[in-house]
Amino acid sequence: AAAVAPLGAMAWDELAATVAACRQCRLCEARKQAVLGVGDRNADWLFVGEGPGAEEDQRGEPFVGQAGKLLDGMLAAIELKRGVDVYIANVLKCRPPGNRNPEPLEVAQCSPFLARQVELIQPRLILAMGRFACQTLLDTDASIASLRGRLHRYQGVPLIVTYHPAYLLRSLPDKAKAWEDLCFARGTMAGLLAQAAAA
């Protein structure tokens, strides 16, 4: 058999095949398929959630169903569209049974795949959506409320924290806060693009 490249040297096709065949934790036992991500692999915008749900596991695409429709609406609100200068991924590539919270070992085994995706995409800005995405990418146990409204960094890439669309479906009052986060992200991206143009 051909030797498998180290994760840090993998191109997209090899990374996708490695994720699809991954058996590093027990989440592989119940999955229908691993969900790598979807969108523009040269995107300026990277949106990161927690992990696949039942419909994502079935279809092999992140953020489908009601939460996906809300995310698409959030994208449209800042004049973005799924797949056009946007890549969408999750920290976990396999669905936790019953949509339970990820376990630390599962996050530790899976998050290097996302790290490699960030290296390949080289986004200008990351939006981390939901507690587990934010806490994993920022290596913190701080709350979303305490992390919002500030610019953070992941692997040197500017990162903004916001709520997960599935949470917003259950907590309508926080939709206004998510809109603030999106406006902050849009303004941040405008600044990053202006800096790049001036360089």
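This is a predicted model: local features need pLDDT of at least 70, side-chain atom pairs count only at pLDDT 80 or more; totals for chains, interfaces and linings use all residues.
Residues are numbered from 1 along each chain as its sequence is written, and side-chain values use heavy atoms, with hydrogens and water left out.

View 1. A disulfide here is a pair of cysteine sulfur atoms within 2.5 Å, and the structure holds zero of them. C22 counts as buried because its relative accessibility is 15%, and C94 is buried at 9%. For these labels, buried means under 20% relative accessible area, exposed over 50% and partly exposed in between, with a 1.4 Å probe and protein chains only.

**View 2. A tilted ring pair, W12 and Y87.** Rings of Phe, Tyr and Trp (its six-membered ring) pair if their centres lie within 6.5 Å; planes under 30 degrees apart count as stacked, over 60 as edge-to-face and the rest as tilted. The structure holds three aromatic pairs. In the one shown here, the ring centres of W12 and Y87 are 5.5 Å apart and the planes meet at 40°, so the pair is tilted. Helices (H or I, at least four residues) and strands (E, at least two) are DSSP runs, numbered from the N terminus. With 12% relative accessibility, W12 counts as buried, and Y87 is buried too, with a relative accessible area of 2%.

**View 3. A stacked pair, W45 and F47.** These two rings lie 6.1 Å centre to centre with 25° between the planes, and the pair is stacked. W45 is buried at 5% relative accessible area, while F47 counts as buried at 1%.

View 4. Six strands make an open sheet of mixed pairing, in the order β1-β3-β2-β4-β6-β5. Its edge strands, β1 (38-39) and β5 (152-154), each pair on one side only. Two strands pair if DSSP finds at least two bridges between them. Strand β2 (residues 45-49) runs parallel to β3, and five bridges join them. Among the bridge partners, F47 meets I88 in β3.

**View 5. The largest nonpolar core.** A nonpolar core is a set of buried Ala, Val, Leu, Ile, Met, Phe, Trp, Tyr and Cys residues joined through side-chain atoms within 4.5 Å. The largest one has 58 residues, and W45, F47 and I126 touch the most other members. Helix α4 (residues 104-121) is its biggest contributor, with seven residues. Leaving out residues up to four places away in sequence, I126 touches L46, V48, V118, L137, Y154, V157, P158, L159 and I160. Contact means heavy atoms within 4.5 Å.

**View 6. A133 and its neighbours.** A133 lies in helix α5 (residues 131-138) and counts as buried, at 0% relative accessibility. Not counting residues up to four places away in sequence, A133 touches V48, G49, V91 and A128. C-alpha to C-alpha, A133 and A108 are 12 Å apart in space, and 25 residues separate them in sequence.
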